[in-house]
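Visitor: I would like to learn how to read the sheets and helices of a model. Please take me through one.

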Amino acid sequence: MSGLAPTEQAAWVRVLVEGGSAQDRERALLAAVEAGASGGEERGGPQPALVVYAPGARGPAVHGALRALPGPQRVGPLEVVPEQTWSEAWKEGLEPIAISPRLVVTPSFRPVPARAGQRVLEIDPGQAFGTGGHASTRLALELLAALPEEALRGARALDVGCGTGVLALAALALGAGEAVALDLDPLATTASRENARRNGLEGSLRVFNGPVASLCDEPFSLVLANMIRSELFPVLPELARRCAPGGLVVVSGLLLEEEERAVEALGELGLGIAMRLDRSDHLGDHWLGAVAKGLESS
């Protein structure tokens, strides 16, 4: 007789996380993935919720990590999920997204032909964040696609907290000459490398695990970061330091009510807002993205 609990014997389990803010749910998903979860889905409605999926053997660790989080969210019990449900569930809702006339982002199982002058990026999430579907990722991509072609042509791009690598790869697809993508999570950098190979961009993208502070002091004309406030604000000084004189910093992952503080923080680092966009998601959360421009060298 096995000494394992039924959930540990199951191929897949799930945990329902209810309540809290959009950033509470983002933090919950990050904590779950670090503990061994394979992904999650957000559910709308009167009470927005996050459903986290994990292999049965990792279920107790994931459940424990979620229960240990501070905040108002309510964490339900572990539930067994039929393997067939999860093996296809992550594909639900992932469709081609037309970011601009120049750029389309699509999962590899939804191939679309590129029109004249258009680049199609195939991005699969694996266990990383960023397919273009989340409002914050889409904002960053829309801001990137709205930049003048001369700002992107031959640019050196840095993608901090790269997830799937979608922002770095989009920059390359839109004309950047080379890009560096970094993340603290090895699952993210694995997904970034796979997506670079899938799109034939592996020769132009360098990927590594580690903090932005570990980079040498080489300047980048384009810096990209899609992170929630608690992750973004501590690294803003490093982002500004990596930005070349007159370069651009694209930030997303902030809620609209955080705009004033973000503008202030960027301004203190010599970065002035050049463009901004906001967008509501299906849960009713209102996200903000912005392009800031660095000071020209004197």
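Visitor: Which residue is the bridge partner of Asn226 in strand 13?

Guide: Strands of a sheet pair through backbone hydrogen bonds, either parallel or antiparallel. In strand 13, Ser252 is the bridge partner of Asn226. Strand 12 (residues 220-226) and strand 13 run parallel and are joined by 6 bridges. Two strands count as paired if DSSP finds at least two bridges between them. Helices (H or I, at least four residues) and strands (E, at least two) are DSSP runs, numbered from the N terminus.

Visitor: What should I know about the model and its numbering?

Guide: This is a predicted model, in which local features need pLDDT of at least 70 and side-chain atom pairs count only at pLDDT 80 or more, while totals for chains, interfaces and linings use all residues. Residues are numbered from 1 along each chain as its sequence is written, and side-chain values use heavy atoms, with hydrogens and water left out.

Visitor: In what order do the 7 strands of the open sheet run?

Guide: The order is 11-10-9-12-13-15-14, with mixed pairing. Strand 11 (205-209) and strand 14 are at the edges with a single partner strand each, so one side of each has no neighbour in the sheet. From one strand to the next, the twist averages 15 degrees.

Visitor: Which strands does helix 9 lie across?

Guide: Helix 9 lies across strand 9 (156-160), strand 12, strand 13 and strand 14, and runs at about 175 degrees to strand 13. Axes here are lines fitted to C-alpha atoms, for helices over the stretch in contact, and angles run from 0 to 180 degrees between N-to-C directions. Contact means heavy atoms within 4.5 Å. Helix 8 (residues 186-198) lies across strand 10 (178-183) and strand 11, at about 165 degrees to strand 11.

Visitor: Where do the buried residues of helix 10 fall, seen down its axis?

Guide: An α-helix has 3.6 residues a turn, so residues three or four places apart point the same way. In helix 10 (residues 259-268), the buried residues are Ala262, Ala265 and Leu266. They fall within an arc of 95 degrees, so they line one face of the helix. That arc is taken from the directions from the helix axis to the C-beta atoms. Buried means under 20% relative accessible area, exposed over 50%, and partly exposed in between (1.4 Å probe, protein chains only). The buried residues pack against helix 9 (229-242), strand 13 (243-255), strand 14 (271-280) and strand 15 (286-294). Exposed Glu260 and Glu268 sit on the face turned away from the buried side. Just after helix 10, Gly270 has a positive phi of about 80 degrees.
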